[in-house]
Amino acid sequence: MENMSLVLVITIVLFFGYIGDSEGGDLRKNFYKSACPLAEEIVKNIIWKHVASNSALPAKFLRMHFHDCFVRGCDGSVLLDSTAKHRAEKEAVPNQSLSGFDVIDKIKEKLEETCPGIVSCADILALAARDSVSFQFKKSMWEVLTGRRDGRISRESETRKNIPSPLFNFKSLEKSFAKKGLTLHDLVVLSGGHTIGVGHCNFFSKRLYNFTDKGGQDPSLDPTYASQLKAQCKTLSDDTTTVVMDPGSPLSFDSHYYTSLNQNQGLFQSDAALLTNKESSKIVSKLLDQDGFFTEFGQSMKRMGAVQVITGSNGEIRKKCNVIN
């Protein structure tokens, strides 16, 4: 009888797979199918409604999800507000320009009305990133596995040392991604997210005015493109002006980022760095094929979305995304 009980326990664990793997093994397709069958539909409907009137949102949600996953894993910690005792991730310089939190809050509010205490904020953010990009195509562009739970800790101090800087060279970028269990291939593919969105002048103006710390322009930057950037970013200290990251198609999610990159028109130092390594340069050329890029981007997003996730009975399901329960 004891042996039969043991077999039953092992079978249950193998079937449901909930027990604490930190690399995303516990995430699965349609996690909410029984407990909240309309969950993914609710997220998509609200996201599509907002993207229809605000074309900047896809880039914002992609970036928010990326910044969430690179600090403490994909646990929704980027959504938490600061408290009297602790400054949250939102306060850190890389996150001060994040926006779209109000839309996440609306989704959470609707989900709490529909099925209270079931859907995590971490999953909402992963779905929002996918669904906002997918609006352009009117179909789901990649599969999002769900089952993440929400973290209870958010520290400003952990942000800078975990989120890759736009000033990074190739070696620093590769190291940053490797720390999260992501490959060189993932690095080049996920950089393609820069096909939409904007960058602040102060994160690349050194390439225009003071590349060697003795003045001068980055020689790897296309001169015509550099002149266009200088017309918009007039000083080294300008931290308010924004410039589109992919001038060829700034609001269209496509493979044009890699076309621009091959023309030495990558906006950030971290973009240009992808051409300084033989292997990553090869991947850039392969990703010029748009269908290939879409496939690879979906796979890399799936891998990134599984970084250090909290599952099972760990963490919590927040009632509001900006505060712990």
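How many disulfides does the count come to? The count comes to 4 disulfides, a disulfide being a pair of cysteine sulfur atoms within 2.5 Å.

The model is predicted: local features need pLDDT of at least 70, side-chain atom pairs count only at pLDDT 80 or more, and totals for chains, interfaces and linings use all residues. Residues are numbered from 1 along each chain as its sequence is written, and side-chain values use heavy atoms, with hydrogens and water left out.

View A. Helices (H or I, at least four residues) and strands (E, at least two) are DSSP runs numbered from the N terminus. The axes of H2 (residues 39-53) and H5 (residues 121-134) come within 9 Å and cross at roughly 50°. Axes are lines fitted to C-alpha atoms, for helices over the stretch in contact, and angles run from 0 to 180 degrees between N-to-C directions.

**View B. Residues of H2 meet residues of H5.** On the H2 side are Glu40, Val43, Lys44, Ile47, Trp48 and Val51; on the H5 side, Ile124, Leu127, Ala128, Arg130, Asp131, Ser132 and Ser134. Contact means heavy atoms within 4.5 Å. By class, this contact has 7 nonpolar, 2 polar and 4 charged residues; Ala, Val, Leu, Ile, Met, Phe, Trp, Tyr, Cys and Pro count as nonpolar, Asp, Glu, Lys and Arg as charged, and the others, Gly among them, as polar.

**View C. Cys36 is joined to Cys115 by a disulfide.** The S to S distance is 1.8 Å. This pair links distant parts of the chain, 79 residues apart: Cys36 lies in the loop between H1 (2-16) and H2, and Cys115 in the loop between H4 (101-114) and H5. Cys36 is buried at 2% relative accessible area, and Cys115 is buried at 6%. Buried means under 20% relative accessible area, exposed over 50%, and partly exposed in between (1.4 Å probe, protein chains only).

**View D. Cys69 and Cys74 form a disulfide.** Their sulfur atoms are 2.0 Å apart, and the link is right-handed, with 120° about the S-S bond. Cys69 is buried at 0% relative accessibility, and Cys74 is buried at 0%.

**View E. Cys201 and Cys233 form a disulfide.** The sulfur atoms of Cys201 and Cys233 are 2.0 Å apart. The torsion about their S-S bond is about -70°, so this disulfide is left-handed.
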